[in-house]
Amino acid sequence: MEDLTWLDLSNNNIKGSIPGEITKLSRLDYLDLSSNKLSGQVPFSNKQLSSMYIVRLSPNKGLCGNFIGLPSCHTTKPATLFVEIFLPLAIVPSVIVFACLLVIKRKYKKPKLKARATNNIDVLSIWNYDGRIFYEDLIEATEDFHIKYCIGTGGYGSVYKAQLPNGKVFALKKLHTSETEELAFIKSFRNEAQVLSQVLHRSIVKLYGFCLHKKCMFLIYEYMERGSLFCILHNDDEAVELDWAKRVNIVKAMAHALAYLHHDCSPSIVHRDISSNNILLNSKLEAFVADFGTARLLHADSSNRTLLAGTYGYIAPELAYTMVMTEKCDVYSFGVVTLEVLMGKHPRDLLSSLSSSSDPKIMLIDVLDQRLPPPVDQKVIQDILLASTISFACLQSNPKSRPSMQYVSQEFLITRKTPLVKHAAIQDISISQLRN
């Protein structure tokens, strides 16, 4: 479990000490051991604790260590009479003086923060941070959302890069002012932010918090170093970095994330705007589903009718005339993005030719991204054939004919003993073969 990134063992009535082996989880960035009966010294070093985004260790009455909310550990030998009696008498006056200075400092500084928090911020929820101070840090880090920190703009807002004094980097999605003036949108924003804060999947960008402000609403996300899939595919140098194995992994990550949203969340969550712009990549070119600004919950007792939302070229055709939102809308969009990953560009021309009355014999090798050499590894070839076959199934005009994302996710997890297309080289495989 050395790749574990999220561990929540809170409220489990666990007794005893924290085992030292837990420090081997080097990729851990969320740790919650609160509300247990743990005791002893925390085995993590200060460096390890500071490298995590979220750490919750209290309440645990028996724990000690150099961490906020915990008492320090006393491991010294039995105290002498001087240490037990005279040293405390000498320290007490110093403590009183320090406490007085602290009170004076808070007396003059606290009202300023409190006033800003009361007058400007309606709701601020930042996990594991002092909300008011963190808000101040974010505003200062972006110089009140100066354009020089803007790293992207979409239909619902602009994204800013914020680097805090402790070195942590976040992405702030600030919603456009016009949206913040609508009460219905504010309510929707609040509900979705609270729901998405519970979404935990390694291929979904982490939401760390949100701010509801009279004139400023923003979400606080995990920062992705390489930006959007769209931008990388449209840059020849960066596109070459995405070899066939990495591209297949991008498709798999999308499939697993959408399967989680559709089938593991209750109620189900439909993203509604799956596109290459909303697939972000980290420094290792691993893919994460992002931008839940248009996401909606599917309620069994509702008609789930909705206004048209999404990105042109990725929207399922049935939304144009039914306006009924289902998981199959995301499935269609997934099919488009999968072809885009394999082709290196949007597949609109290919889809247009396939929808015509004639059935042109288009070879798969001719539509794959020509900036990369043809794949030679047999496992990668089989993955490309599977991804291509699934993408065409997802693009069926009839929503009921499309597979579920749970089925797609499972297909990518199956270890196949026989090839999808027997006795044929990739150069000889046509699109019509994969569609059939």
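Q: How much of the protein chain is buried?
A: In this predicted model, buried residues account for 44% of the 436 residues in the protein chain.

Q: And how many helices and strands does the chain have?
A: The protein chain has 14 helices and 17 strands.

Q: What share of the contacts join residues at least 24 apart?
A: Counting contacts in the protein chain between residues at least 6 apart in sequence, 60% join residues at least 24 apart.

Q: Where is K173 found?
A: K173 belongs to strand β10, which covers residues 169–175.

Q: Is K173 buried or exposed?
A: K173 has a relative accessible area of 7%. Buried means under 20%, so K173 counts as buried.

Q: Which way do β10 and β12 pair, parallel or antiparallel?
A: β10 and β12 are antiparallel, and their pairing runs over five bridges. One of the residue pairs is F170 with E222, where E222 is the bridge partner in β12.

Q: How many residues of β12 are buried?
A: Strand β12 spans residues 218–222, and five of its five residues are buried.

Q: Changing topic: which strands make up the open sheet with parallel pairing?
A: That open sheet has three strands, in the order β2-β4-β6. β2 and β6 (62–64) stand at the edges with a single partner strand each, so one side of each has no neighbour in the sheet.

Q: What joins β2 to β4?
A: Two bridges join β2 to β4, and the two strands run parallel. K15 stands opposite K37 in β4.

Q: What about the open sheet with antiparallel pairing, what order does it have?
A: The order is β13-β15-β16, three strands with antiparallel pairing. Its edge strands are β13 (227–228) and β16 (287–289), and each pairs on one side only.

Q: Which helix packs on that sheet?
A: Helix α8, residues 244–264, packs on the sheet and touches β15 and β16. The direction of α8 makes about 30 degrees with that of β16.

Q: How many bridges join β15 to β16?
A: Three bridges join strand β15 (residues 279–281) to β16. L280 stands opposite F288 in β16.

Q: Where do side chains point in a regular strand?
A: As a general rule, the side chains in a regular strand alternate between the two faces of the sheet.

Q: Next, I274. Where is I274 found?
A: I274 sits in the loop between β14 (268–270) and β15.

Q: Buried or exposed, then, for I274?
A: I274 is buried, with a relative accessible area of 1%.

Q: What is I274 in contact with, leaving aside its neighbours within four places in sequence?
A: I274 is in contact with L258, V289, Y314, D330, S333, F334 and V337. I274 and Y314 are 40 residues apart along the chain, while their C-alpha atoms are separated by 7.2 Å.

Q: Now α9. What are the length and reach of helix α9?
A: Helix α9 (residues 327–343) has 17 residues. From its first C-alpha to its last it reaches 25 Å, close to the 24 Å expected at 1.5 Å a residue.

Q: How many of the residues in α9 are buried?
A: In α9, 16 of the 17 residues are buried, and the helix is described as mostly covered.

Q: What comes just after α9?
A: Just after α9, G344 takes a positive phi of about 80 degrees.

Q: What about positive phi in N13, which is not a glycine? Where does N13 lie?
A: N13 has a positive phi of about 60 degrees. N13 lies in the loop between β1 (6–8) and β2 (15–16). At 47% relative accessibility, N13 is partly exposed.

Q: And S35, what is its phi?
A: Phi of S35 is near 55 degrees, a positive value in a residue other than glycine. S35 lies in the loop between β3 (30–32) and β4 (37–41), and at 31% relative accessibility S35 counts as partly exposed.

Q: Last one: how many disulfides does the structure hold?
A: The structure holds zero disulfides.

Q: Are C329 and C394 buried or exposed?
A: C329 is buried, with a relative accessible area of 5%. C394 is buried too, at 0%.

Note on methods
Residues are numbered from 1 along each chain as its sequence is written. This is a predicted model: local features need pLDDT of at least 70, side-chain atom pairs count only at pLDDT 80 or more; totals for chains, interfaces and linings use all residues. Side-chain values use heavy atoms; hydrogens and water are left out. Helices (H or I, at least four residues) and strands (E, at least two) are DSSP runs, numbered from the N terminus. Buried means under 20% relative accessible area, exposed over 50%, partly exposed in between (1.4 Å probe, protein chains only). The expected span of a helix is 1.5 Å times one less than its number of residues. A disulfide is a pair of cysteine sulfur atoms within 2.5 Å. Two strands pair if DSSP finds at least two bridges between them. Contact means heavy atoms within 4.5 Å. Axes are lines fitted to C-alpha atoms, for helices over the stretch in contact, and angles run from 0 to 180 degrees between N-to-C directions.
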